[in-house]
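Welcome! Work through the exercises below with the structure in view, and check each solution as you go.

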Amino acid sequence: MVTKPPISDIDESALTVSGPKKTAVGVPAVLHALKMSMEQMGPVRSARTLLQVNQKDGFDCPGCAWPDPAHRHMAEFCENGAKAVAEEATVRRIGPEFFAAHSLEDLRGHDDWWLGQQGRLTHPMMLEEGDTHYRPISWDDALRAVADAILSLDDPDEAIFYTSGRTSNEAAFLYQLLVRGVGTNNLPDCSNMCHESSGSALTETIGIGKGTVSLEDIWAAKLLIVAGQNPGTNHPRMLSALEKAKQNGAKVIAVNPLPEAGLLRFENPQTVRGVILGGTPIADRFVQIRLGGDQALFQAIGKHLLEAEERSGGVLDHAFIAAHTSGYADYAKAMAELDWADLEVASGLSETELREIGEAVRTSPSTIVCWAMGLTQHKHSVPMLREVVNMLLLQGNIGRPGAGVCPVRGHSNVQGDRTMGIYEKPSDAFLDALDAEFSFAAPREHGHDTVEAIRAMDSGRARFFMAMGGNFVSATPDTEVVERGMAKLDLTVQVSTKLNRSHVMTGRRAIILPTLGRTDRDRRGSTDQRVSVEDSMGAVHSSRGRLAPPAEDMLSEVAIVARLCEMIFGSEAGTRPSATPSHTGDVDRDQVERTAAEESGGTDRVVVADPANVPRADWKALEQDYALIRTHIENVIPGFDDYEERIAKGRTFFLPNGPRDERRFATSDGKAQFTVNPLEYPRIPEGRLLLQTIRSHDQYNTTIYGKDDRYRGIHDGRRVVLVNPDDISALGFADGEIVDLVSEWTRADGSIEERCAREFRIVGYSTPQGNAAAYYPETNVLVPLESVADVSNTPTSKSVIVRLEARVPA
Ligand SMILES: Nc1nc2c(c(=O)[nH]1)N[C@H]1C(S)=C(S)[C@@H](COP(=O)(O)OP(=O)(O)OC[C@H]3O[C@@H](n4cnc5c(=O)[nH]c(N)nc54)[C@H](O)[C@@H]3O)O[C@H]1N2
Ligand SMILES: Nc1nc2c(c(=O)[nH]1)N[C@H]1C(S)=C(S)[C@@H](COP(=O)(O)OP(=O)(O)OC[C@H]3O[C@@H](n4cnc5c(=O)[nH]c(N)nc54)[C@H](O)[C@@H]3O)O[C@H]1N2
Ligand SMILES: [Mo]
């Protein structure tokens, strides 16, 4: 297979390095955002669009999932949000002429940066087996081809339905219903590669897979530990919240192998002080931890708290521990047995430093821990996050103001998609309610997550792939295996706004279905529709785009899915969702299944979209009026009562959250769980480095906006590897040298598997010895599919053993 490594489009010879910045945001950020907006949208559209971001009754910023304050600034604006908007609201278009001019072969030679720069997709396109070019196809024919491919499968589990995290609640809800109606739970999503470890650890320990704090809690906290997160780039609006917390007297501890600018000093472009006086120092303390050392850190804090309690008392919240937790004694014993020397080695921090951080926690009346990918993408991420919970439980730091867990979510509606049932392991309660609402029996067997989906493709167990957004080929680990797997499929379908590698590394046949984004007006029938989303803190609100869509007859995600449902399940015109909740009603599941089995001839064989057992609804009506979808959601998912009313006029409502609202923990014994987790940390073999793969300041996941990483001082290029200067010389290299990165994966039998990413420039950088960093997605070729986190199955994108290899002179 031809997979020219896409290194051809960005001219890396122009790369310069100026060293990391000590401040984030400020005026340059605003200017950068405006520059990109003007390039993509021109002045009028830029002004119109940017003023609507995150305003009441405007559109939800597609940038990140950080919540909006109730009282919003005129422009609740951040540089990278503006870039995300410009990327979508661009005036560039690619229609049939573009695909006629570029063969598949030609497109395959380009990287995600070039592909994304071409503009918005406007027409359904189809690639038939053996074709050299995509060709235009009508909407009806395209959707019919998708429906036929699904119906011709021998088993519904041969189909895989991926979701990225931008999909609205309404589209996500219909999409999972389509998938379950077809007869499978194969619903991998970007979350599998993102916060799955958080979900796993939190569900086990506190009974909910989400955070337990609101924005008000952040403002009220007295200590915020921000670990494994680069908010200056990835959640810039979080910096305003941290600034406000500091004004209220909070201390901030930043835990990171890299001295990220946003964690150090913040110039708020919204205030005079930020612009003229040079801003607020954010982190009171920067803790330069070794990659993967956080489990040791949180154990050390727990151990310190327990020792202090032993000495003089007054540290622990005994009443909370007694009333609301179990497992305390075992945990305390395990901490007592830990050796400070081991904790030092694992974290790379001295006992003194570990104890100082422990003191900051001990003396804080209310503590929040915030984290993102630095804590979720390691082999031992789930035990690492259980330790975060242990530490917080000791002082009763869950379910009271200014305290709790704050996993900072990535995609703007990734959390909402999960709430809507985009999950390969749905609960029975959810499925029971779905069955009752749509008079069918959804499959119970769990489906494939992202890593399992790739295995199924590669082994020939899958034949059909559909993606509701995202860029599966570039975002997933082990790029070559994924490309090989995709090529084995009968049909790959991408519902997308922009072109990316997943449209060119296809199955034997491929279909592109262009769709509307957040900023686009979505007119159905005679009314403009709105959708709704859930932010990182469980608040739900509406979103409505106002821009003219990129082309006349574009379909929204909702419309695409509704039409597929109608084609596959048949119409049930005239039925309306009733106003009775199904999530409390009892379903005679056995009866539904019996009837289905009888009607399909009494066999046990799983039939694809078995006509006797398909969800029943008036799909056309749902397509024309999204409020009807919201009524269904209200009936199926607890917490959405009066959905329509509570999102009207730009209002926001909070979903119920047991731990936060009433210290209610939906675990097996109704209590929060202390857990015992043997200390783990990555061991780095002699002469090797542990590589983390991260985002630059000029990208959104696999969407590359530009070639700068301003805060880290990297300009006009992306193929760099950041290495500690002592390691550079110890390994016999020089700063600026071009090397290949070779990853080494030790198989179960002890043999070593190698993968190579070519031509990276070594940049001396402040990172702990033995640790290195480079950008994703270019480095995904290095991440072995087998290298996943225990329990959550998340690829270990922050923990890849590599060696640097000198390039053989040509
Ligand atoms: N502009 C922009 N915004 C985004 C995105 C984007 O690509 N661009 N992506 C969105 C998505 S989907 C997500 S999930 C989030 C991602 O947001 P982040 O998690 O902030 O993104 P990463 O670039 O992966 O950065 C990981 C951070 O963790 C640190 N780190 C790595 N390993 C460790 C470790 O072992 N311990 C500790 N303590 N720190 C560690 C890294 O040095 C880095 O600062 O951002 C969202 N927002
Ligand atoms: N090595 C490494 N790999 C990683 C990570 C890492 O840190 N390191 N991070 C992981 C994480 S946290 C995540 S979340 C995943 C991200 O994985 P994905 O979500 O799959 O990837 P994105 O790059 O966000 O997807 C971008 C594409 O989404 C489409 N799109 C944008 N907006 C819309 C929309 O409104 N509707 C539709 N239908 N399509 C739209 C566009 O076509 C665009 O090209 O990557 C993961 N992969
Ligand atoms: Mo993510």
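**Exercise 1.** Find out why the radius of gyration of the chain agrees with a compact globule.

Solution. With 810 residues, a compact globule would have a radius of gyration near 28 Å, and the chain has 26 Å, which agrees. The radius is taken over C-alpha atoms, and the globule rule is 2.2 Å times the number of residues to the power 0.38. Next, look at burial: 65% of the 810 residues count as buried, meaning under 20% relative accessible area (1.4 Å probe, protein chains only).

This is a predicted model, where local features need pLDDT of at least 70 and side-chain atom pairs count only at pLDDT 80 or more, while totals for chains, interfaces and linings use all residues. Residues are numbered from 1 along each chain as its sequence is written, chains are lettered from A and ligands numbered from 1 in the order written, and side-chain values use heavy atoms, without hydrogens and water.

**Exercise 2.** Work out which residues are closest to ligand 1.

Solution. Start with the shell: 32 residues surround ligand 1, each with a heavy atom within 4 Å of it. The closest are Asn256, Glu260, Gly292, Asp294 and Asn701.

**Exercise 3.** Find the distances from Gly292 and Lys798 to an oxygen atom of ligand 1.

Solution. Polar contacts are pairs of N or O atoms within 3.5 Å. For Gly292, a backbone N or O atom lies 2.7 Å from a ligand oxygen. For Lys798, a polar side-chain atom lies 2.9 Å from a ligand oxygen. Finally, the protein covers 99% of the 920 Å² of accessible area that ligand 1 has on its own (Shrake-Rupley method, 1.4 Å probe).

Note on methods
Polar contact = N/O pair within 3.5 Å; in protein donor to acceptor, adjacent residues only side chain to side chain. Buried < 20%, exposed > 50% of the residue type's maximum accessible area, 1.4 Å probe, protein only.
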